[in-house]
Amino acid sequence: MLEAKYLKTGIDIFLLYLSRYIPSFLKLIKISPIEASVKVTENCNSRCITCDVWKSGFQTDLTIQELKNVFYQLKEIGIKIIGFTGGEPLLRKDIAELIKEAKKITGAQVYIVTNGILLKKKAKEIIDAGIDWIAISLDGIEKTDEKIRGVPGHFKMVIDGINELRKIKKDFKINVGTTILKDNISEIPELIELCKELGVTWSFNLLDSNLYFFQNIDENNLKVSDQKLIDKTIDYLYKVKKENPKVFNLDNKSLEFARDYLKFKNPKFFCVIGYLRIYIDSKLNIYSGCWALPPLGNLKKEQLKDVLHSPKYKKRVQDMFYLKCPKCSCGYIESCMINNLPSTIKYLLPNIKFFTKYVKI
Ligand SMILES: C[S@@+](CC[C@H](N)C(=O)[O-])C[C@H]1O[C@@H](n2cnc3c(N)ncnc32)[C@H](O)[C@@H]1O
Ligand code: SF4
Ligand code: SF4
């Protein structure tokens, strides 16, 4: 049974690869996302210069009942991983209950993306609630980070939060994520050393202004303009992944994508995110794994499975594959891996078990 599942996954990945050249193959792939991102709040206690979310003022959150309904519907469509995002998820007073309910109802793995401000305070309750892993945003060393995140003391809050998590659960999975910017790119080696010391993994985000909640940022002042520094950093990252793959690991295609993206070269790829993920925002709007394109339905009026199986959803996901979209930097890693045969063979096949969670029967 398991072998059949791997075989189907392999076939779907191969069909995705072939669809680059022969569009009709895309029609053979069932849309069955495996990961859901849920915006559990629109509120935020940070003031990041890269993000608009905090600017909109206080907004009423979805109730736990509304979110439980979301979880039942996510279970119905077979979601296996749920990420809570926002806004700042740890601002929710009922975050522990939400984690418990999401896990109980769906049986999925649940993780949180957080700015880390409340991490030390909430570490015990989220671990006790069964959170599977956590992604913490940190945009530099001390003052650099604090300037970007707009919160005095943010750097220390993140370190204290990580130490607290480690104290409670020694082997807890923690990732630190940095959005690469003009102000912090030269601090990446120091950030990676810090992650090594803390025993956490490190990854990066590529600055975006096409997602609806990043559209008003001062992108020109944030982007890295020094091309040599970009090359030096990407070359350095190759070295880190070779020497410390447990801290940072990314396939070569994705690293080259990042190099081109940072240099505004508009790298070509085929977006597979619509096949892998589904997004729900804090107004219960349903997105096809893309925050840059308009929602395709709303859970107040429709059932998730009906929207997912609708012709408009299918068309959207196929259009996404051919980049009929504003383009963004989310999900380029999966797209780079699945669309590249050497990467597929080198990284995907040995990890086919892992990827069955992405391309599902
Ligand atoms: C919108 S935040 C929501 C979760 C949480 N508030 C946080 O900051 O981690 C999700 C991720 O987007 C990253 N981010 C913020 N602004 C960005 C931008 N303009 N482009 C790309 N990623 C960005 C954050 O650093 C964070 O890792
Ligand atoms: S990136 Fe996260 S912490 Fe920063 S303003 Fe946006 S939602 Fe808030
Ligand atoms: S690349 Fe395009 S389709 Fe894919 S997630 Fe980004 S904006 Fe959406």
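## Helices H9 and H10

In this predicted model, helix H9, which spans residues 227–243, packs against helix H10, residues 252–262, at an angle of about 170 degrees and with the two axes 10 Å apart. That angle is over 145 degrees, which makes H9 roughly antiparallel to H10. The crossing of these two helices is right-handed.

On the H9 side the residues that meet the partner helix are Ile 230, Ile 234, Leu 237 and Tyr 238, and on the H10 side they are Leu 255, Ala 258, Arg 259 and Leu 262. Sorted by class, the contact of H9 with H10 holds seven nonpolar residues and one charged residue, with no polar residue.

Helix H4, residues 119–128, packs with helix H6, residues 154–168, at an angle of about 30 degrees, and the axes of the pair are 8 Å apart. Since angles under 35 degrees count as roughly parallel, H4 and H6 are therefore roughly parallel to each other. Their crossing is right-handed. From H4 the contact draws on Leu 119, Lys 120, Ala 123, Lys 124 and Ile 127, while H6 brings Met 157, Asp 160, Gly 161, Glu 164, Leu 165 and Ile 168. By class, the residues of the contact of H4 with H6 divide into six nonpolar, one polar and four charged.

Helix H4 also packs with H3, here at an angle of about 20 degrees and with the axes 8 Å apart, so that H3 and H4 are likewise roughly parallel to each other. The crossing of H3 and H4 is right-handed. In this pair Ile 95, Ala 96 and Ile 99 of H3 meet Lys 122, Glu 125, Ile 126 and Asp 128 of H4. The contact of H3 with H4 comprises four nonpolar and three charged residues, and no polar ones.

## Lys 100 in helix H3

Lys 100 belongs to helix H3, which covers residues 95–106. With 16 C-beta neighbours inside 10 Å, Lys 100 counts as partly exposed, because that class lies between the limit of 12 or fewer for exposed residues and that of 20 or more for buried ones. When its neighbours within four places in sequence are left aside, Lys 100 is in contact with Ala 129 and Gly 130. Lys 100 and Trp 202, for their part, are separated by 102 residues in sequence and by 27 Å in space, taken from C-alpha to C-alpha.

Ligand 1 is surrounded by 19 residues, of which Thr 50, Cys 51, Ser 137, Asn 205 and Asp 208 are the closest. Strand S3, residues 109–114, and strand S5, residues 173–180, each supply at least two residues of this shell. In terms of class, the shell around ligand 1 has eight nonpolar, nine polar and two charged residues.

Around ligand 2 lie Cys 44, Ser 46, Cys 48, Cys 51, Val 53, Trp 54, Gly 86, Gly 87, Glu 88 and Asn 115; this shell has five nonpolar, four polar and one charged residues.

## Positive phi at two loop residues

Most residues other than glycine have a negative phi, and against that background two residues deserve mention. Glu 142, although it is not a glycine, has a positive phi of about 40 degrees. Glu 142 is placed in the loop between strand S4, residues 133–137, and helix H5, residues 143–149, and it is partly exposed, with 14 other C-beta atoms within 10 Å.

Lys 327, also a residue other than glycine, has a positive phi near 75 degrees. Lys 327 is found in the loop that runs between helix H13, residues 311–321, and helix H14, residues 332–338. With 15 other C-beta atoms within 10 Å, Lys 327 is partly exposed.

Notes
Residues are numbered from 1 along each chain as its sequence is written. Chains are lettered from A and ligands numbered from 1 in the order in which they are written. This is a predicted model: local features need pLDDT of at least 70, side-chain atom pairs count only at pLDDT 80 or more; totals for chains, interfaces and linings use all residues. A residue is near a molecule or strand if its C-beta atom, placed from the backbone, lies within 6 Å of it. Helices (H or I, at least four residues) and strands (E, at least two) are DSSP runs, numbered from the N terminus. Ala, Val, Leu, Ile, Met, Phe, Trp, Tyr, Cys and Pro count as nonpolar, Asp, Glu, Lys and Arg as charged, and the others, Gly among them, as polar. Axes are lines fitted to C-alpha atoms, for helices over the stretch in contact, and angles run from 0 to 180 degrees between N-to-C directions. Angles under 35 degrees count as roughly parallel, over 145 as roughly antiparallel, 65 to 115 as roughly perpendicular and the rest as oblique. A crossing is left-handed if the near helix is turned anticlockwise from the far one by less than a right angle, and right-handed if clockwise. Two residues are in contact if their C-beta atoms, placed from the backbone, lie within 7 Å.
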